[in-house]
Each structure stands twice: as C-alpha cells, then as structure tokens.
Amino acid sequence: MRSKKLEAIVIKRTNLFDSDRIVTVFSKQLGKVKIKAPGVRKISSRRGPHVELLNKSSLFIYEGRKLPVLTEAMTIHSFPKIKENLKKSGLAFYVCELINEFCAEHQENRNVFYLLEKTLRRLEDEENFKDIIYEFELNLLTLLGFWPPKKDLPSENTQFVIEEILEKRLKTKKILPLLA
C-alpha cells in the first residue's frame, strides 16, 4: 500500500526550497514522521493552512523515494486559543519539542499521541499551566520508560532530568520565563 491516511498533530516544520516544506508530525498510526509537503508555502496552496504548527489534521501521504509526500490535508482542530496567546503558544512549542526529541521516527505510540492531544486541549481550555506541563513531562517520561511509574519527580527537577536524558539543552525552555 503506497498511500496512507494519517491523523496527526504538526510538531515541527522546516522550509525547503522556495515553496516546499518538511513537516514533522506525530500521528496516531505511525508515531513521529517527517513528510515532504510540496508547494505548501505558495499563497495559492490548498494544503498550506492545514499543515501549520499545532494543527491536528487528517493527512493523505504517498510513499516517496526518501520521504513520504503530502497529497491532501484537512484540519480537524487548529487549537485557536493557544495560537492567539503568546504564553500558551510557548508552552505548546515546548511540549512539541519534547515529543520531537524523545520519540523515534516510525514507532507507533498511541498513548503518547493521546497525551499530546490531551495536553494541547488542556492548554487551550485551562489556566493552570505549571500543573499541565508538569503532568505532561512526568507522563511522557513514564510512557517512554525513562521514569518508573508511580515514583515522584519534584516539579523543579523535571527540566534537569529531561536534559540529562537528552544529553542536551532544550531550546524552548529558555524562553518560557520571558513569557510569564
């Protein structure tokens, strides 16, 4: 089967040439996947608005030579309340960075997908950001096997633990205090 339909959340994007883009999504069916999206940066593109950061979209892809190629896209939910609030956007980008760094490509993990979706919905609707992010970090570490279940991790230590596991500094964590 050379074509597939994915339900996915866009977690990263990189411009390619004049009008193309490489979109990294976390899908329910395949986990983290990089997809080539030809022509989405053109003003006249029908697919462009559907593959913006943080959008949950239904994507149709075709197996290309190196990367899957996006053929069609439709937004399921765009999380507008996150996108219109700078602090919520920064926190959502942090969540996406963690998913991108921790998850390997092409490894299905529905629990992580549901955790990502639930966290974005909570960020959109609730105001207790510190608890939302702490619960996300702890659940992600537990689901991926980096932290034992039911073992406490003080909230002030999560960044240290995460950066020790990744063996590098997080980019978005530095700007979060500026958004307070």
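**Note on the predicted model: strands, helices and loops**

1. Leaving aside residues up to four places away in sequence, Ala 73 touches Arg 47, His 50, Val 51, Ser 58 and Leu 59; contact here means heavy atoms within 4.5 Å. Ala 73 belongs to strand β5 (residues 69–77). Helices (H or I, at least four residues) and strands (E, at least two) are DSSP runs, numbered from the N terminus. With a relative accessible area of 6%, Ala 73 is buried. The term buried stands for under 20% relative accessible area, exposed for over 50%, and partly exposed for values in between (1.4 Å probe, protein chains only). The C-alpha atoms of Ala 73 and Gly 48 are separated by 8.4 Å, although these residues are 25 residues apart along the chain.

2. The structure is a predicted model, in which local features need pLDDT of at least 70 and side-chain atom pairs count only at pLDDT 80 or more, while totals for chains, interfaces and linings use all residues. Residues are numbered from 1 along each chain as its sequence is written, and side-chain values use heavy atoms, with hydrogens and water left out. The quantity pLDDT is the predictor's confidence in each residue, from 0 to 100. For the protein chain its mean is 91, and 98% of the residues reach 70 or more. Confidence is lowest in helix α5 (residues 158–166), with a mean of 90, and highest in helix α3 (residues 110–125), at 97.

3. One of the residues touched by Ala 73 is Ser 58, which lies in strand β4 (residues 56–62). Is Ser 58 buried or exposed? Ser 58 counts as buried, at 7% relative accessibility. Not counting residues up to four places away in sequence, the contacts of Ser 58 are Lys 5, Leu 6, Glu 72, Ala 73, Met 74 and Ile 76.

4. Strand β2 (residues 20–27) pairs with β3 in the antiparallel sense over seven bridges; two strands pair if DSSP finds at least two bridges between them. Thr 24 has Lys 34 of β3 as its bridge partner. The two strands form a hairpin, with three residues between β2 and β3. Strand β3 (residues 31–37) is largely enclosed by the rest of the structure, because five of its seven residues are buried.

5. Strand β2 also pairs with β1 in the antiparallel sense, over eight bridges, and Thr 14 has Ile 22 of β2 as its bridge partner. In a regular strand the side chains alternate between the two faces of the sheet. In β2, Asp 20, Ile 22, Thr 24 and Phe 26 point one way, whereas Arg 21, Val 23, Val 25 and Ser 27 point the other way, and all are buried. Strand β2 is thus mostly covered, with eight of its eight residues buried.

6. Phe 17 lies in the loop between β1 (3–16) and β2. In this hairpin, which has three residues between the strands, Phe 17 takes a positive phi near 55°, although it is not a glycine. Phe 17 is exposed, with a relative accessible area of 65%.

7. How do two helices lie against each other? Two packed helices are described by the angle between their axes and the distance between the axes. The axes of helix α2 (residues 86–102) and α3 come within 10 Å and cross at roughly 170°. Axes are lines fitted to C-alpha atoms, for helices over the stretch in contact, and angles run from 0 to 180 degrees between N-to-C directions. The helices α2 and α3 are therefore roughly antiparallel to each other; angles under 35 degrees count as roughly parallel, over 145 as roughly antiparallel, 65 to 115 as roughly perpendicular and the rest as oblique.

8. In this contact, Lys 88, Leu 91, Ala 92, Val 95 and Ile 99 of α2 meet Val 112, Leu 116, Thr 119, Leu 120, Leu 123 and Glu 124 of α3. The residues of the contact comprise eight nonpolar, one polar and two charged. Ala, Val, Leu, Ile, Met, Phe, Trp, Tyr, Cys and Pro count as nonpolar, Asp, Glu, Lys and Arg as charged, and the others, Gly among them, as polar. The loop between α2 and α3 holds His 106, which has a positive phi of about 60° although it is not a glycine.

9. In α5, the residues Thr 158, Val 161, Ile 162, Glu 163 and Leu 166 are buried. Their cover includes α2 and α4 (129–143). Glu 167 follows α5 and has a positive phi, near 60°.
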